[in-house]
Amino acid sequence: MDLELRGVSRDYVRPGRMVKALDDVSLSVRSGEFICLVGPSGCGKTTILHLLAGLDRPTAGKVLADGTAVTGPDPSRVLIFQDAALFPWLNVQGNVEFGLKVKKQPREARERTVAELLEMVHLKKFAHSWIHELSGGMKQRVALARALAVDPAVLLLDEPFGALDAITRDLLHEELQGLWLKAAKTVVFVTHNVREAVLLGDRILVMSPSPGRILAEHTIKLPRPRYIDHPDIMPISRQVMASMERRGG
């Protein structure tokens with residue numbers, strides 16, 4: 001699914017003042033592309049995800065999915081938060097199959113889909129575990145499996161690994177790349193971590209401090225799968241950081 005913002009601005013009314021989160025932002029994401037948004041806190045990265053997900057509306061401009069205006073949420077576009085936001089009253093299997101139940105998929109098909117996804121995210125033996133029994137990294141794997149269960153065209157990820165330790169984060173980077181390469185989804189990934197963006201993204205869009213604008217774009221041509229110890233990761237990360245600093249990031 002192609003995604004596009006055309007001249008999008010988003011203003012919020014706060015007590016006694018108007019806050020401009022985004023100012024005339026235009027960007028496009030090709031179907032199957034992995035885009036990373038980087039920038040300082042408060043620059044509008046999450047606002048862009050909410051607009052693409054249909055959870056918010058622009059003050060000005062257009063938000064499009066495959067050329068059609070985004071007017072509300074749709075199962076073709078799934079948003080995953082930093083907090084996995086799983087249902088604590090359901091076990092792992094119950095969380096992953098939740099969306100399939102909503103879609104009234106037959107039980108046999110649901111169970112087959114859940115088993116395949118839990119195998120994919122290496123959690124098959126934890127199918128009957130409760131959410132409070134899982135580590136942070138395992139919870140994010142469940143969130144990814146739950147999102148993939150409804151077979152969305154687009155994954156919107158809002159710093160999903162930000163609260164994890166470095167070792168777990170690096171392992172999930174490898175798993176996310178593998179899932180993306182296999183499932184061919186369009187991905188928009190928000191992060192503060194430039195190295196993470198270089199590791200994962202086809203392109204990196206650098207955003208300015210508030211009000212958010214697109215300041216720079218970097219195309220990453222490293223072969224996949226990528227690993228954090230690749231010798232070009234740090235040099236490219238420094239280039240991205242330099243573009244942020246030159247432009248006031």
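Predicted model: local features only at pLDDT ≥ 70, side-chain atom pairs only at ≥ 80, totals over all residues.
With 12 of its 14 residues buried, helix 4 is largely enclosed by the rest of the structure. If you want to click through them, the buried residues are Gly137, Met138, Gln140, Arg141, Val142, Ala143, Leu144, Ala145, Arg146, Ala147, Leu148 and Ala149. Note that Arg141 and Arg146 are on that list, along with Gln140.

As for the helix itself, helix 4 runs over residues 136–149. From first C-alpha to last it reaches 20 Å, close to the 20 Å expected at 1.5 Å a residue. Just past the end of helix 4 you come to Asp151, where phi is positive, at about 55 degrees.

Take Lys104, which sits in the loop between helix 2 and helix 3. Its phi is near 60 degrees, and Lys104 is not a glycine. Is Lys104 buried or exposed? Exposed counts as over 50% relative accessible area, and Lys104 comes in at 72%, so it is exposed. Then there's Ala184, in the loop between helix 5 and strand 8 (186–191). Here phi is near 55 degrees, again a positive value in a residue other than glycine. Ala184 also counts as exposed, with a relative accessibility of 56%.

While you're looking at the backbone, check the prolines further along. Which residue is joined to Pro211 by a cis peptide bond? That would be Ser210, and omega for the bond is about 0 degrees. Pro211 lies in the loop between strand 9 (203–207) and strand 10 (214–219). Arg224 and Pro225 are linked by a cis peptide bond as well, with omega about 0 degrees. For Pro225, look in the loop between strand 10 and helix 7 (233–246).

Now head over to Lys62, a residue of strand 4 (residues 60–65). What does Lys62 touch, leaving out residues up to four places away in sequence? The answer is Glu4, Leu5, Arg6 and Val8. For a sense of distance across the fold, Lys62 and Ile233 are 171 residues apart along the chain, and their C-alpha atoms are separated by 34 Å.

Zoom out, and the protein comes to 7 helices and 10 strands. Its radius of gyration is 18 Å, close to the 18 Å that the globule rule gives for 249 residues, so the protein is as compact as a globular protein of that length. Along the principal axes, the C-alpha trace spans about 50 × 45 × 35 Å. Of the 249 residues, 51% count as buried.

Among contacts with a separation of 6 or more, 70% come from residues 24 or more positions apart. Finally, the charges: the protein has 33 positive and 29 negative ones, and their mean positions are 3 Å apart.

Terms used: Residues numbered from 1 in each chain as written. Heavy atoms only, no water. Helix = DSSP H or I, 4+ residues; strand = E, 2+ residues; numbered from the N terminus. Expected span 1.5 Å × (residues − 1). Buried < 20%, exposed > 50% of the residue type's maximum accessible area, 1.4 Å probe, protein only. Rg over C-alpha atoms; globule rule 2.2 N^0.38 Å. Contact = heavy atoms within 4.5 Å. Lys, Arg positive; Asp, Glu negative; His and termini not counted. Charge placed at Lys NZ, Arg CZ, Asp CG, Glu CD.
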